[in-house]
Amino acid sequence: MISDKIRDILNEQINKEFYSAYLYLSMSAYFSEIGLYGFSHWAKVQSKEEIDHGMILFEYILGRNSQVNLGQISMPKFDMNSPVEVFEQIYNHERSITSSIDCVASMTEGECDLATRNFIDWYLKEQIEEEASVSRIIAKLKTFGAEKSALFLIDRELSSREYNLPEL
Ligand code: OFO
């Protein structure tokens, strides 16, 4: 069994993960509308991964004999100015998710809940990878993205992203 505080913060995290899925799905639609199908594919794969992140928390809460409380998911919002600006917003979003996971980890320590602390480690590592992969894309877009032919090549590269079930 987990404490009520841990149950609540994990439920809030489920909501944030599903919001992330919604945000990426909406970005995928934007990229598709402007003909960047590789970017669109990349964002769609990310959206699926975010659903996985939410579902892992969902199963964990149930597995600890506690309650899942699903809340309303906010409407995704982002500025559709250019691919680089969208990716900068992705980066900021992921940094906010990292802070949120940090808060979960720190609460588990305050509650002496070492099992959940151990469980949340996977999310801490995942956030490091997500921030790193997004910042690599931003660097490429900043260096080459103004050239249409380079943007085309980056789009092709992003189209090869594979969806993998998370390994816990
Ligand atoms: Fe779930 O990692 Fe992004 O938001």
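This is a predicted model: local features need pLDDT of at least 70, side-chain atom pairs count only at pLDDT 80 or more; totals for chains, interfaces and linings use all residues.
Biologist: Which residues of helix H5 are buried?
Modeller: In H5, residues 148–158, the buried ones are Ala150, Leu151, Ile154, Asp155 and Leu158.

Biologist: Why are they on the same side of H5?
Modeller: Around the axis they cover an arc of only 145°, which puts them on the same side of H5.

Biologist: What do the buried residues of H5 pack against?
Modeller: They pack against helix H2 (37–63), helix H3 (83–110) and helix H4 (114–144).

Biologist: And which residues are exposed on the other side of H5?
Modeller: Ser149, Phe152 and Arg156 are exposed there.

Biologist: Switching to charges, how many salt bridges are there?
Modeller: The count comes to eight. One of them joins Glu157 and Lys140, with the closest N and O atoms 2.6 Å apart. Glu157 lies in helix H5 and Lys140 in helix H4, so the pair ties together parts that are 17 residues apart in sequence.

Biologist: Glu157, buried or partly exposed?
Modeller: Glu157 counts as partly exposed, at 41% relative accessibility. Lys140 is also partly exposed, at 30%.

Biologist: Which residues are linked in a network of salt bridges?
Modeller: Asp4, Arg7 and Asp8 are. Arg7 meets Asp4 at 3.4 Å, N to O, and Asp8 at 3.0 Å.

Biologist: How far apart are Arg7 and Asp4 in helix H1?
Modeller: They are three residues apart in H1 (residues 4–33), so about one helical turn separates them.

Biologist: Is Arg7 buried or exposed?
Modeller: Arg7 is buried, with a relative accessible area of 16%. Its two partners are partly exposed: Asp4 at 48% and Asp8 at 34%.

Notes
Residues are numbered from 1 along each chain as its sequence is written. Side-chain values use heavy atoms; hydrogens and water are left out. Buried means under 20% relative accessible area, exposed over 50%, partly exposed in between (1.4 Å probe, protein chains only). Helices (H or I, at least four residues) and strands (E, at least two) are DSSP runs, numbered from the N terminus. The arc is that of the directions from the helix axis to the C-beta atoms. Contact means heavy atoms within 4.5 Å. A salt bridge is a side-chain nitrogen of Lys or Arg within 4 Å of a carboxyl oxygen of Asp or Glu.
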